[in-house]
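Please open the model in your viewer and keep the selection panel at hand. The stops below move from one selection to the next, with a note on what is to be found at each.

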Amino acid sequence: MSIVADAPVHGGPGIPQTRRLVTELSGPRSRALLDRKAAAVSAGVGHTVPVAVTAAGGGVILDADGNSLIDLGSGIAVTTLGNSHPAVVEAVQAQAARFTHTCFMVSPYESYVAVAESLNRLTPGDHAKKSALFNSGAEAVENAVKIARKHTGRSAVVAFDHAYHGRTNLTMALTAKSMPYKSGFGPFAPDIYRVSGSYPFRDGLTGAQAAAQAITTMEKQIGADNLAAVLIEPIQGEGGFIVPADGFLPLVADWCRDHGVVFIADEVQSGFARTGAMFACDLLGVVPDLVTTAKGIAGGMPLAAVTGRADIMDASHTGGLGGTYGGNPLACAAALAALDAYEHDDLLERARHLGDLLQTRLRDLQAHDPRLGDVRGAGAMVAAEFVDPATGDPDPALTSAVAKACVAAGVVVLTCGTYGNVIRFLPPLSIPDDLLHEGLDVLADALSRH
Ligand code: PLZ
């Protein structure tokens, strides 16, 4: 029996844009699903919001009990355009009726090539570029490393403190945080080196100082001659929405260029209008050799890409890159619709507007509450870091209590950060302003009660 039998059939922007709780969270239907989940789904797969989703769109998520929640997470930065964006739905439906799969490596089709052409044009830099498509962010990162190693003939890879790059074996090695991502899952891939990045709120370093520190570590502990790639999230996501100090990224990228090291920007979370620019690299003044993308690329369909300098992207022998589903036709159709919307619907401006709203409200709270140690971000990728005001130490207990209170009141917020003391805001760009304000009212109220 399905618990969604009498639930609304359509998501998308037509859903009433209100927060409405008609049961406690979880309501009885959601609880029934979560009981089935506990019995049928691996305990390793967690969830943050204890509901059974039936539809979503604009700035809300509906559950099986008739509750309507404000969405400030976008499914972890995926539904930037809003859930079930009409153009994405139409493109997927039309493609599903034509063909669902051939395997691009067996018999190619136009939409894959068109997505590659768009990515080559939209990603930072006006040099000649090529792309390859995959299914997930982790898979894109794995392939970027493969390509960089093949191109350079070197094997070492640098990743940074607080980095998150995925859950596959290589990307676990590249990810910094042990719990929950790595603990007990080793051994990990070799020849990965961790280097300090730039975390202005905690390290107090200028961009130049942080870059000098990273470069010294790379030169002394690895040696440029051994280094295939430096991999970095231009704005770190899971690690705490850390925006590096000015100049850090360009200096590291320059050093890479001078030493034949491939500079890979992981824009899986920060890409596609999220930061108020098409890519965070555009904002931070850096042109990467390779860029990995996923999440927002296809309006919720699973798709990922590596895009970069044509000579580097062509380093692999034919047949060296691929995968059964990479660049699946439904995902490519969705991506073409999504990329068109990013380019033509003033979404960069919308992300900046929502970012201003978020930062203004959060700074207002910060002015009266010293536990809000730092408010930071770019565009609609904003975070608040919670600390013990006496010591500056991270306060994960407060963070988790406030986030849980928000969810219980019908506002989906996500936490992040190495120390678990950051609440991040990733609203869909389709959220109405008043709903975002209401979500922040709920946060302010939760904070005042903890
Ligand atoms: N690189 C920068 O943010 C995914 C993961 C959440 P996949 N981030 C959300 C979780 O707990 O699994 C991410 C990212 C950056 C790579 C990835 C990996 O992308 O599509 O999840 O594989």
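How many residue pairs are in polar contact between domain 1 and domain 2? The count is 18 residue pairs, both residues of each pair being at pLDDT 80 or more, where a polar contact is a pair of N or O atoms within 3.5 Å, within protein one must be able to donate a hydrogen and the other to accept it, and residues adjacent in sequence count only if both atoms are side-chain atoms.

Before going further, note that this is a predicted model, in which local features need pLDDT of at least 70 and side-chain atom pairs count only at pLDDT 80 or more, while totals for chains, interfaces and linings use all residues. Residues are numbered from 1 along each chain as its sequence is written, and side-chain values use heavy atoms, with hydrogens and water left out.

**The two domains**

Select 28–84 together with 347–448 for domain 1, and then 87–344 for domain 2; these bounds come from an automatic or database domain assignment. The C-alpha centres of the two domains lie 25 Å apart. With contact taken as heavy atoms within 4.5 Å, 39 residues of domain 1 are in contact with 32 residues of domain 2. The two domains bury about 2,800 Å² between them, 61% of it on carbon and sulfur atoms, buried area being the accessible area (1.4 Å probe) that two parts lose on being put together, summed over both.

**The domain 1 side of the interface**

Between domain 1 and domain 2 there are 2 salt bridges, a salt bridge being a side-chain nitrogen of Lys or Arg within 4 Å of a carboxyl oxygen of Asp or Glu. Show Arg 424 and Glu 238, which form a salt bridge with the closest N and O atoms 2.9 Å apart. Next, colour the elements that give two or more residues to the side of domain 1 that touches domain 2, namely α2 (74–77), α13 (347–368), β11 (372–378), β12 (381–386) and β15 (422–425); helices (H or I, at least four residues) and strands (E, at least two) are DSSP runs, numbered from the N terminus. The largest share of that side, 5 residues, comes from β11.

**Inside α2 and α13**

In helix α2, select Ile 76, whose phi is near 60°, a positive value in a residue other than glycine. Then move to helix α13, where Glu 349 and Arg 352 lie 3 residues apart, about one turn of the helix; Glu 349 forms a salt bridge with Arg 352, with the closest N and O atoms 3.4 Å apart.

**A four-stranded sheet**

Now display the open sheet of 4 strands in the order β1-β2-β3-β13, whose pairing is mixed; two strands pair if DSSP finds at least two bridges between them. Strands β1 (53–57) and β13 (411–412) stand at the edges, each with a single partner strand, so one side of each is left without a neighbour in the sheet. Strand β2 (residues 60–63) and strand β3 (residues 68–71) pair in the antiparallel sense over 3 bridges, and Val 60 has Ile 70 in β3 as its bridge partner.

**Two cis peptide bonds**

Finally, centre on the cis peptide bond that joins Met 179 and Pro 180, with omega about 5°; Pro 180 lies in the loop between α6 (169–174) and β6 (192–195). The peptide bond from Leu 25 to Ser 26 is also cis, with omega near 5°, and Ser 26 lies in the segment before α1 (28–40).
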